[in-house]
Amino acid sequence: MRCRKEGELTPRDMIVDAAAELFMQQGIKNTSMDDIARATGMSKKTLYTHFDDKEDLLIACIEQRFAESEHIIEQMRHNGSTVLETVMNHYRDHAANINSQSPNLMVELRKYPRAMQTMMAMQEKHLDTARKFYELGVEQGVFIEGPNYELIARLSMLLSGQPIPSSIAQRYTMADLSKVYLYTFIRSITTERGRRIFDDTLSER
């Protein structure tokens, strides 16, 4: 999901989008600059006019991911849907692609110190937005009052940033892990109305 229109894509944007998709599907280690050049239809020389190396490109992908999340949260305030409906619809629409994501992504990310530092800084910056997401859900009547939503937001981001142990990755699919994540950090705090939205969306799949 992009926070810009297709016609507004610059060559740099197209490189970042292609790289992000390849990193997610193949992993960082297995994605070369040659792969990204082929995916964009650009020369590798063009890639290097925008990015010094793969780590610079990885950092741009991380920054884009968080910018899109900020945009989605802001749009929730104006599109007439609850935050829960937006999240669940996004999950439903992308569920088919979840199992194509590399389970080794966070393990590999730790081998790129600058990218990892960017990830941690963006998570801290995004904390307030994540808290507002939960609080907006309370206002909309889909999340319960009472929990410490700042702490829930911190725990959610902490878990999402952890590498998946091989013992788990070998036994469960990424779809399995995503569903447990939703049950843990979303359904557990829903009101009766929120549970209906959550359960109805999952039953549509």
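This is a predicted model: local features need pLDDT of at least 70, side-chain atom pairs count only at pLDDT 80 or more; totals for chains, interfaces and linings use all residues.
I started with Tyr134, which is buried at a relative accessible area of 4%. My cut-offs: buried is under 20% relative accessible area, exposed is over 50%, and partly exposed is in between, with a 1.4 Å probe and protein chains only. Residues are numbered from 1 along each chain as its sequence is written, and side-chain values use heavy atoms, with hydrogens and water left out.

Next I looked up ring partners. Rings of Phe, Tyr and Trp (its six-membered ring) pair if their centres lie within 6.5 Å; planes under 30 degrees apart are stacked, over 60 edge-to-face, and the rest tilted. I got 6 aromatic pairs by this rule. In one of them, Phe133 and Tyr134 sit edge-to-face, 5.1 Å centre to centre with 65° between the planes. Phe133 is buried too, like Tyr134.

Which way do Tyr134 and Tyr149 pair, stacked or edge-to-face? They are stacked, at 5.2 Å centre to centre and 20° between the planes. This pair links distant parts of the chain, as Tyr134 is in helix H7 and Tyr149 in helix H8 (residues 149-160), 15 residues apart. Helices here are DSSP runs (H or I, at least four residues), numbered from the N terminus. Tyr149 is buried as well, with a relative accessible area of 6%. I also found that Phe133, Tyr134, Phe143 and Tyr149 make up one aromatic cluster.

Then I turned to the cores. A nonpolar core is a set of buried Ala, Val, Leu, Ile, Met, Phe, Trp, Tyr and Cys residues joined through side-chain atoms within 4.5 Å. The largest one has 28 residues, and Phe23, Ile36, Leu57, Leu58, Ile62 and Leu109 touch the most other members. H4 gives the most to this core, 7 residues. I picked Leu58 and listed its contacts (heavy atoms within 4.5 Å). Leaving out residues up to four places away in sequence, Leu58 touches Phe23, Ile28, Leu109, Tyr112 and Ala115. There is a second, separate core of 27 residues, with Ala95, Met174, Leu182 and Ile186 among them.

Last came helix H5, residues 83-98. Its 16 residues should span 22 Å at 1.5 Å a residue, and the end C-alpha atoms are 21 Å apart, which agrees. The expected span is 1.5 Å times one less than the number of residues. Among the buried residues of H5 are Val83, Met88 and Ala95.

Definitions and conventions: Helices (H or I, at least four residues) and strands (E, at least two) are DSSP runs, numbered from the N terminus.
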